[in-house]
Amino acid sequence: MNPDVCPPRCEPTLSFTQGLIIGQLSVVVVLAAFIKFFIFGDSPSADVTASLRATERRSRTLTHKQSLLRLRSPAQRQHQTLKRKKSSVLRNTPVLTIGSILSKTYYNVDSHQPESLDWFNVLVAQTIAQFRSDAQHDDAILTSLSKALNGSSRPDFVDDIRVTELSLGEDFPIFSNCRIMPVDKDGLTLGKGIKFDAATAARDGTRLQARMDVDLSDMLTLAVETKLLLNYPKRLSAVLPVALAVSVVRFSGTLSISFIPSNPSQSTPTMMTFSFLDDYRLDFSIRSLLGSRSRLQDVPKIAQLVEARLHKWFDERAVEPRFQEIALPSLWPRKKNTRGPDDAAGDGHLSIGRAKGKDIGRDFRDESARKMELKVDEATLDRPNFRRRQPTRDDEDSAVPV
C-alpha cells in the first residue's frame, strides 16, 4: 500500500435532511407517548388505589409498632410516683384506677357489646347544621380559606388563588359500633394472648380508648382558580390558567379517642387525643381545566397527583401512629361562665336572647314586689283596731318637698 495515497473516507449513509427529519420524528414520537401515557393515560380503579394505599399504611403502622416494642425495656415500664406535699384539709379520696372506674360504671371490656350512637349522631348533626347555616350569612370561612391558600407556603410559580365554589354538603356523618378497649401508653392495642388486668393497668401505663366507626357519604366541594407562571428566561414568560375542583365523595374509617390525665408537677392540662386507624377509605372526585383558549378538561394524571397529595396531608396529621392533641379546659363551675337573666348588658354587646331574658327577669321581680305590697296593705286594713289618722298641719309642714 502506497503511504502517499490517502485512504478513501466513508461517506455518511444519511444526508443532513434525512437526519433532521429523523430527529424531528423522534421528538414527535416521544412527545406523543408522553401525552398519551402520562396525561391521557387511564388511571387505576378506585378499589385498586384504595387497596394499595391501605397496604402501605398498614405496613407503616406495623413498622412503627415493631420499633416501639424493640425500644421498650423493663426499666422504662417501672412506675415512678411523684413525691409532693399533701394537703391536710382536703380529704384523701381513694385512687381511681382503670379497674375501679370500669367496676363503678359496670363496663366489662371483654364481654361488653358495641353500642350504637344514635343520640350522638343527632347532636353532631345539629352542630354541623348550625355551622352550615352560619356560613351562609358570614364570609369568615371564605376569608380564612383565602388566607390559608395564599399564605407563605404558596410557591412562586403559582399566582393568587381564588375560591370559586364552596359546598359544605347536605348529609351528616354517622357514628356507630362504639367500644371501649384498653391500650398501652403508646396508644397500641394489647397483643393477642395478653389478657387485660385491671389491677396492674395503672402500673403498666394502660389507659382506656374509645373506638367508633365513622361513615360519611356526601359531596363536600372546594373549587379554585389560579395561574401557573413561567418566570424563565424572564419573568412571566408564559401563563397557564388552571381551574381545579376537589370533592370529598366518601369517607369511612375508625376513630379512636382517649384522654391523657393532667400532670400538676409539669402544669400540663388534661389532653384529649384522637386519630384514625390506618384502615380508612377516602374517595375524591377531582375536576380540572387547563388553558384559556384550547382547554384540556379532567386530565387523569392531575387528578392522581392531587389525590396523592391530599392523602399524604391527611396521613401526616390524623392517621396512626400520628394523632391530634387538644387541651381540655377546667370543668369547675366559674362565675364568668354563668349565664342567666341577671347578667349585665356589658357595654351594649348583649345578645337579643340574653337581653330578652334580662327584661323578663326584671318584669318578674317588679310584679312580685307589687303583689307583696298589696298583700301587706290588705293585711293592715283588715285589722279590727286600725284607725286611720288624719294628717295634721304639723305633718304637712314637716313633709319633705319633692
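Two strands are counted as paired if DSSP finds at least two bridges between them; strands (E, at least two residues) and helices (H or I, at least four) are DSSP runs numbered from the N terminus. The model is predicted, so that local features need pLDDT of at least 70 and side-chain atom pairs count only at pLDDT 80 or more, while totals for chains, interfaces and linings use all residues. Residues are numbered from 1 along each chain as its sequence is written, and side-chain values use heavy atoms, with hydrogens and water left out.

**View 1. Pairing of strands E3 and E4.** Strand E3 (residues 207-230) and strand E4 (residues 238-260) are antiparallel and share 20 bridges. Leu229 stands opposite Val239 of E4.

**View 2. Pairing of E3 with strands E1 and E2.** Strand E1 (residues 162-167) runs antiparallel to E3 over five bridges, and Leu166 has Leu222 of E3 as its bridge partner. Strand E2 (residues 174-183) is likewise antiparallel to E3, over eight bridges; here Ile174 is bridged to Asp215 of E3.

View 3. A cavity is a set of points on a 1 Å grid over the protein atoms alone where a 1.4 Å probe fits but cannot get out, and lining residues have an atom within 4 Å of a point.

**View 4. Lining of the largest cavity.** The lining consists of Ala50, Arg53, Arg57, Tyr280, Arg281, Leu282 and His311. Helix H2 (46-71) and strand E6 (281-290) each give two or more residues, with the largest share, three residues, coming from H2.

Conventions:
On a 1 Å grid over the protein atoms alone, a cavity is a set of points where a 1.4 Å probe fits but cannot get out, and a pocket is an open set with protein on both sides within 12 Å along at least five of seven lines; lining residues have an atom within 4 Å of a point.
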